[in-house]
Amino acid sequence: TIAFYNEELHEEIRKKNNIESYMHQALQNKEFKMFLQPKFNLKNDELVGAEALVRWQKPDGTYRYPNEFIPLFESNGFCIKLDTFMIEQACEQLRKWMDDGLKPVPISVNQSKILFLDKNYPDNLEKILDKYNIPSSLITLEILEGIASDDLELLKRQIDILHSKGFKVSMDDFGKGYSSL
């Protein structure tokens, strides 16, 4: 067996360990921030929705961007907590708009494929929306196209249940991998 060591590899492992040791505290401290990217109808320039983007704002005001932590969270399972937190953030924003007398626009929120493996996932989402009194039609669940390569039957069942509860489901990154889907 041969093992290679270099400073770059060491720094990458150190950064990963730092993120993992702090991720739970960061979630508790609400360091994960939702930024909304507007969606417009190109025919009439009407605002028709928004996509929730997550950014990690550290206490010193600097940011960790998603490419630094999302792949790690996907591999260690923390994305379940983060994705649920982002749904809550979207519902809080929608509730605020509604309470302020503004017409809410649907918000798309990325959801990890790990969530779709949980048979309670649709019911858990519904409970969050009920907590904020938000209609499910205002939340679009975005799933990565690659999720379709796993258990198609389970995915179909989960999407059917979500549709029956009024959720919209869209595919993100379409055309990058399974474009024949």
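Helix H5 of this predicted model has 12 residues and spans 17 Å from its first C-alpha to its last, close to the 16 Å expected at 1.5 Å a residue. Its buried residues are Tyr-121, Pro-122, Leu-125, Ile-128, Leu-129 and Tyr-132. Viewed down the axis of H5, these buried residues fall within an arc of 125°, so they line one face of the helix.

Several elements cover the buried residues of H5: among them are helix H3 (79-99), strand E4 (107-111), helix H4 (113-116), strand E5 and helix H6 (152-164). On the face of H5 turned away from the buried side sit the exposed residues Lys-127, Asp-130 and Lys-131.

After H5 comes Asn-133, which has a positive phi, near 55°. The loop between H5 (121-132) and strand E5 (139-144) also contains Ser-136. Is Ser-136 buried or exposed? Its relative accessibility is 15%, and because buried means under 20%, Ser-136 counts as buried.

The surroundings of Ser-136 can be listed next. Leaving aside residues up to four places away in sequence, Ser-136 touches Leu-129, Lys-165, Gly-166 and Phe-167. Of these, Leu-129 is one of the buried residues of H5.

Key. Residues are numbered from 1 along each chain as its sequence is written. This is a predicted model: local features need pLDDT of at least 70, side-chain atom pairs count only at pLDDT 80 or more; totals for chains, interfaces and linings use all residues. Side-chain values use heavy atoms; hydrogens and water are left out. Helices (H or I, at least four residues) and strands (E, at least two) are DSSP runs, numbered from the N terminus. Buried means under 20% relative accessible area, exposed over 50%, partly exposed in between (1.4 Å probe, protein chains only). Contact means heavy atoms within 4.5 Å. The expected span of a helix is 1.5 Å times one less than its number of residues. The arc is that of the directions from the helix axis to the C-beta atoms.
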